[in-house]
Amino acid sequence: MDFNVKKLASGAGLFFTRAVQFTEEKLGQAEKTELDAHFENLMSRADCTKNWTEKIYRQTEILLQPNPSARIEEFLYEKLDRKAPSRITNGELLGQYMQDAAKEFGPGTPYGSTLIEVGECERRLGAAEREFLQTSAISFLTPLRNFLEGDWRTISKERRLLENLRLDLDACKTRLKKAKVAEAKAAMAPDFHETRPRNYVLSASASALWSEEVEKAEHELRVAQTEFDRQAEVTRLLLEGISSTHVNHLRCLHEFVEAQAAYYKRCHHHMQELQKELGSESCPPGADLYNTGIDAHILNIPDILYVMNFFPVETDTLKIEEVQAPATGTRKAKVLYDYDAADSSELSLLADELITVYTVPGMDSDWLVGERGNQKGKVPVTYLELLS
């Protein structure tokens, strides 16, 4: 118990001394050891890296998981070192609802069959989103968190230790300066005519005591300077490692961008496939108004035309083999993504290849006729980059 009380009193005394020292430094009344400009730049760069890494990490978490309750749950599971349960994505849940609704409305109706197709597409989008979230968490979030919870904590600990050693060094410098001033005063011999002989003995004794105090302070100063220099070198090496951290985070950033690009590419592909499936379907001429729940008796002519445009009736299929390239109006196009032809009227595409494209009267605006050598067929506009 006595040891704890002494330790507590010693800690309180040290805290008070440091507080007084900080105050005197702020007021310019105490000496302060300044670090070199390069060291200050390293610390400023490290602080900047920590602050922006923390902001990027938090915002990426919000991007990947907008629900704060879900983020708190994942945080608790992580701290408890337990695996978080698999959570269904919003897209998968929407797809499941659509497919369940289709069963109630009847999968044979136009609305029910479309709900099934759209629901399946939404489930594929949700699965792609889950894969993107998992990849991003591993390749991007984890390295950022490891830096904040690992490397940065080590750097902060060593910087605090360096600051304490700097304060000790400055305190030693102050003690040495005071001891030298006292020694100089004690060394001044008093005037024999104005003082008694006894004062000569006291003055000589005080001078010797202050000389010992100066030697002790000089020794403490050398020890404090050595410890400070050693800790400064350790801290400097850690701060210079921030450059390696930037290189590592740059690589992780590239992986995050690649994962994001792959995710959006998959989503685009799924939506293109869905549009193709919906566009290839037709509504029976006599059943379109009935099956859509629209009362034909209350529609006027413009309304009927609108419904007929929304549910187009099949027309004669365009015969690609009979299409001839116009004399003018052909253009070169670069293929952005691979595309597999759905039937013989379409042309399969390979990413980055160049083809010749043109349009013909009566053709859907979302499609063009593409030619590659002797091959010819319809190609989707969204898969192309028109060059000329």
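**Notes on helices, salt bridges and a surface patch**

1. Being three residues apart in helix H7, Lys276 and Glu273 are separated by about one helical turn. Their side chains meet in a salt bridge, with 3.7 Å from N to O. Please keep in mind that this is a predicted model. Glu273 is partly exposed, because its relative accessible area is 23%, whereas Lys276 is listed among the buried residues of H7. An α-helix has 3.6 residues a turn, so residues three or four places apart point the same way.

2. Buried residues occur along H7, including Ile242, His249, Phe256, Tyr263, His270 and Leu274. Two cysteines, Cys252 and Cys267, are also buried there.

3. Arg124 and Glu120 both lie in H5, four residues apart, or about one turn. They form a salt bridge whose closest N and O atoms are 3.9 Å apart; the cut-off for this contact is 4 Å. Arg124 counts as partly exposed because its relative accessible area is 28%, and Glu120 is partly exposed too, at 33%.

4. Arg130 pairs with Glu92, and their closest N and O atoms are 2.4 Å apart. Glu92 is buried, since its relative accessible area is 12%, while Arg130 is partly exposed at 24%.

5. Leu93 is partly exposed, with 32% relative accessible area. Together with Ile88 and Tyr97, Leu93 forms a nonpolar patch on the surface. The three residues have about 300 Å² of accessible area together.

6. Finally, here is the overall tally. The count comes to 14 salt bridges, including Lys276 with Glu273, Arg124 with Glu120 and Arg130 with Glu92.

Technical notes: Residues numbered from 1 in each chain as written. Predicted model: local features only at pLDDT ≥ 70, side-chain atom pairs only at ≥ 80, totals over all residues. Heavy atoms only, no water. Patch = residues over 30% accessible without salt bridge, like charges linked within 9 Å, V, L, I, M, F, W, Y side chains within 5 Å. Areas by Shrake-Rupley, 256 points an atom, 1.4 Å probe, with all protein chains shown as cover. Buried < 20%, exposed > 50% of the residue type's maximum accessible area, 1.4 Å probe, protein only.
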